[in-house]
Amino acid sequence: MDPFWTSLAVFAVFLTVESLASWSFIRGSRKSHPVLWEHAGSPTLLGDSDLISAWGTTRYLMRREYEVLEDSSDRQFAERLRLPMLIGYFGSWLSAGTFFLCLFLFGKP
């Protein structure tokens, strides 16, 4: 398989993982864990719609800032989505860099 398409596919997978995890965190926390949602800065789906604007939510989960919350269900919810969000976010950045490197070195097919 051509490096262009392979790197593009890897990027798409990581971006999908990050998008689903972000969507789950924002929607789930807003609906079922309002204290967590407010503590995370009240993120919105439109506000976290790209990798740059999603940094705030990612940083919140990466630093485990939710651990100061009193409700254990809020902490468990955030902890459950933490790893998929971080893998998706940082994997998206790394695979985007790889994609552009492949594009530069090998060109479009």
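Axes are lines fitted to C-alpha atoms, for helices over the stretch in contact, and angles run from 0 to 180 degrees between N-to-C directions. The model shown is predicted, so local features need pLDDT of at least 70 and side-chain atom pairs count only at pLDDT 80 or more, whereas totals for chains, interfaces and linings use all residues. Residues are numbered from 1 along each chain as its sequence is written, and side-chain values use heavy atoms, with hydrogens and water left out.

**View A. Helices α1 and α4 cross with their axes within 7 Å.** Helices (H or I, at least four residues) are DSSP runs, numbered from the N terminus. The axes of α1 and α4 cross at roughly 155 degrees. The two helices, α1 and α4, are therefore roughly antiparallel to each other, because angles over 145 degrees count as roughly antiparallel (under 35 roughly parallel, 65 to 115 roughly perpendicular, the rest oblique). The crossing of α1 and α4 is left-handed, a term used if the near helix is turned anticlockwise from the far one by less than a right angle.

**View B. The largest nonpolar core has 14 residues.** Such a core is a set of buried Ala, Val, Leu, Ile, Met, Phe, Trp, Tyr and Cys residues joined through side-chain atoms within 4.5 Å. Buried means under 20% relative accessible area, exposed over 50%, and partly exposed in between (1.4 Å probe, protein chains only). Phe-25, Leu-36, Tyr-60, Leu-61, Tyr-66 and Ala-78 have the most contacts inside this core. Two or more residues come from each of α1 (3–32), α2 (34–39), α3 (55–62) and α4 (72–106), and α4 gives the most, with four residues. Leaving aside neighbours within four places in sequence, Ala-78 is in contact (heavy atoms within 4.5 Å) with Phe-25, Leu-36, Leu-61 and Tyr-66. In soluble globular proteins, nonpolar side chains tend to be buried together.

View C. The buried residues of α3 include Thr-57, Thr-58, Tyr-60 and Leu-61.

**View D. Helices α3 and α4 pack at an angle of about 125 degrees.** Their axes are 9 Å apart, and α3 and α4 are therefore oblique to each other. Trp-55, Thr-57, Thr-58, Leu-61 and Met-62 of α3 make the contact with Ala-78, Arg-82, Met-85, Leu-86, Tyr-89 and Phe-90 of α4. The crossing of α3 and α4 is left-handed.

**View E. Ser-42 and Arg-64 each have a positive phi of about 55 degrees.** Neither residue is a glycine. Ser-42 lies in the loop between α2 and α3 and is partly exposed, with a relative accessible area of 31%.

**View F. Ile-52 and Leu-83 count as exposed.** Ile-52 lies in the loop between α2 and α3 and has 65% relative accessibility. Between Ile-52 and Trp-93, 41 residues apart in sequence, the C-alpha to C-alpha distance is 9.8 Å. Leu-83 belongs to helix α4 and has 52% relative accessibility. The C-alpha atoms of Leu-83 and Glu-70 are separated by 21 Å, with the two residues 13 residues apart along the chain.
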